[in-house]
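Student: Could you take me closely through the part of this predicted model where the two chains meet? I would like one connected account of that part.

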Amino acid sequence: MKNKKTKIILGLAILIGIIAIVGVGLSQYNKSHVNVKNTKADYILSPAKLISDYSSDEINADKNYVNKIIKIKGKISFVSTSNGKGTVTFNIPNSETGITCSFQSSESVKIGKLRTNHQVIIKGICAGMLLDIMMKECVIVE
Amino acid sequence: MYQANAQGKYLTKTGYVSFYSHSIVEDIKAENTQVLCVFDEETGKITIKMLMRSFQFEKALMQEHFNENYIESEKYPKASFVGKIVNYTPLKEGANTVMIKGKLKIHGQEKEIQEEATIIKSDDEINLSGNFMVNVADFDIKIPSVVKKNIAEKIKVNVNIILKPYE
């Protein structure tokens, strides 16, 4: 009967619709953090460029850089590890402001091999500036 | 024993602060390992600054809501505490129980707080630790009624900051 068929199709459509909405909702709820390693950097900068941008206009630099993935190529000024997590700092001459990068725990072995004055490429998410510009969730780029 | 930094300043750029919200619906925890802290051993002054964007949540969606809706980190990117140890006397080696008083600023709102803390002094570092409760409403943080049951009105803040000597 046409009426019954229509009702069944309508019922199925609504059911599929509900499953789709719940599915989207669940995937949003459970969505994972950005995978820094596998995501293309929004910016590729030298330490001097990032520091200069922040030193001249912090509010504008925040607008451009906060929550973005930044690839930094530079010479390490300081490296340390605490509680299994590594930190690398970039400093430049004539600036008190540096860049401090906190690494994901997966990078700890690589961090252990780094030394002051090593040239390195790191990728991470900019969180803003305190004394230094803070980069989080960082990884070493091969 | 020769003390290289007797009565000097201590600093860290990677201090630890976390907060925890317990509710019937869910427990939410966030951790910040990029906390800036300066301690002046001469005066007992303590300054703590942190970026809201440095707080890591397990769920990316909660982190997004925290930054975009609750804390509005685009408008208020930082939280700070500026204060000092009450009735400060020189710290002894080992554990010291102290009262810390000062201004806590979150979401553009400032509030005077006084909380107990522990300072462990050793040869080459100062460890500042403690925990206290924060009323979400005191800082004008608005939780939408839809998620009111998910987020506690009082959030537990935990501080564990290790500082090194700094000139």
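Tutor: Across the interface of chain B and chain A in this predicted model, 11 residue pairs are in polar contact, both residues of each pair being at pLDDT 80 or more. On the side of chain B that touches chain A, two or more residues come from each of the elements β1 (9-22), β2 (27-40), β3 (45-51), β4 (56-57) and α1 (60-70) of chain B, and it is α1(B) that gives the largest share, with four residues. By residue class, this side of chain B divides into eight nonpolar, five polar and eight charged residues.

Turning to charge pairing, the count between chain B and chain A is three salt bridges. Lys13(B) takes part in a salt bridge with Asp132(A), in which the closest N and O atoms lie 2.9 Å apart.

As for the extent of the contact, 21 residues of chain B and 23 residues of chain A take part in it, and the two chains bury about 1900 Å² between them, with 56% of that area on carbon and sulfur atoms. Within chain B, the residues that lose the most area to chain A are Lys13(B), Gln34(B) and Arg53(B), which together make up 30% of what that side buries.

How values were computed. Residues are numbered from 1 along each chain as its sequence is written. Chains are lettered from A and ligands numbered from 1 in the order in which they are written. This is a predicted model: local features need pLDDT of at least 70, side-chain atom pairs count only at pLDDT 80 or more; totals for chains, interfaces and linings use all residues. Side-chain values use heavy atoms; hydrogens and water are left out. Contact means heavy atoms within 4.5 Å. Buried area is the accessible area (1.4 Å probe) that two parts lose on being put together, summed over both. A salt bridge is a side-chain nitrogen of Lys or Arg within 4 Å of a carboxyl oxygen of Asp or Glu. A polar contact is a pair of N or O atoms within 3.5 Å; within protein, one must be able to donate a hydrogen and the other to accept it, and residues adjacent in sequence count only if both atoms are side-chain atoms. Ala, Val, Leu, Ile, Met, Phe, Trp, Tyr, Cys and Pro count as nonpolar, Asp, Glu, Lys and Arg as charged, and the others, Gly among them, as polar.
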